[in-house]
Amino acid sequence: MAGPRIVISYCTQCRWLLRASWVAQELLTTFAKELSEHDGELTLRPGTGGIFQVYIGDELIWDRARDGGFPDVAELKRLIRDRIAPKRDLGHIDRAALAE
């Protein structure tokens, strides 16, 4: 069974490659075990028209236009964790969410 496939689509016209790369780095660091142990992947997909979207497989997790801006990385990590490793503790990210 193939592991999770995370795709970050970003707008090249808006020059959002650095933002997409930073988000990818954060996700790769946090979910290295889930991606490597299960033959998963994280892909950057260039696009146009102001796009910034994050998918897991075919499921749209975050859409800049729909969700009102760029994702907070902690919130994005929780959304992804809930789908690929629901029992995993994200440490300080989870504690900060509980304190809100």
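This is a short walk through one protein model, from its overall fold down to a few single residues.

A word on the source. The model is predicted, so local features need pLDDT of at least 70 and side-chain atom pairs count only at pLDDT 80 or more, while totals for chains, interfaces and linings use all residues. Residues are numbered from 1 along each chain as its sequence is written, and side-chain values use heavy atoms, with hydrogens and water left out.

Let's start with the fold. The protein has five helices and four strands. Both are DSSP runs, numbered from the N terminus: helices are H or I with at least four residues, strands are E with at least two. Along the sequence, the pattern reads β-α-α-β-β-β-α-α-α.

Next, overall dimensions. The radius of gyration is 13 Å, which agrees with the value near 13 Å for a compact globule of 100 residues. That radius is taken over C-alpha atoms, and the globule rule is 2.2 Å times the number of residues to the power 0.38. The C-alpha atoms fill a box of roughly 40 × 35 × 20 Å along the principal axes.

How much of the protein is buried? Buried residues make up 42% of the 100 residues. Buried means under 20% relative accessible area, exposed means over 50%, and partly exposed lies in between, with a 1.4 Å probe and protein chains only.

Now contacts, meaning heavy atoms within 4.5 Å. Take those between residues at least 6 apart in sequence: 64% join residues at least 24 apart.

On to strand S4, residues 59–63. Asp63 sits in this strand. Asp63 is buried, yet has no salt bridge. A salt bridge needs a side-chain nitrogen of Lys or Arg within 4 Å of a carboxyl oxygen of Asp or Glu. The nearest side chain of opposite charge is Arg66, 5.4 Å away. For charge, Lys and Arg count as positive, Asp and Glu as negative; His and the chain ends are not counted. What does lie 3.0 Å from a polar atom of the Asp63 side chain? The backbone nitrogen of Ala65. Leaving aside neighbours within four places in sequence, Asp63 touches Phe52, Gln53 and Gly68.

Leu60 is in strand S4 too. Leu60 is partly exposed, at 25% relative accessibility. With neighbours within four places set aside, Leu60 contacts Gln53, Val54, Tyr55 and Arg66.

Arg81 is buried, at 8% relative accessible area. Its side chain makes a polar contact of 2.8 Å with the side chain of Asp82. A polar contact is a pair of N or O atoms within 3.5 Å; within protein, one must be able to donate a hydrogen and the other to accept it, and residues adjacent in sequence count only if both atoms are side-chain atoms.

Cysteines next. A disulfide is a pair of cysteine sulfur atoms within 2.5 Å. By that rule, the count is zero. Cys11 is buried at 0%, whereas Cys14 is partly exposed at 34%.

Last, two loop residues. Arg15 lies between strand S1 (5–11) and helix H1 (17–30). Its phi is positive, about 60 degrees, although Arg15 is not a glycine. Arg15 is exposed, at 73%. Asp39 lies between helix H2 (32–37) and strand S2 (41–47). Asp39 also has a positive phi, near 60 degrees, and is exposed at 64%.
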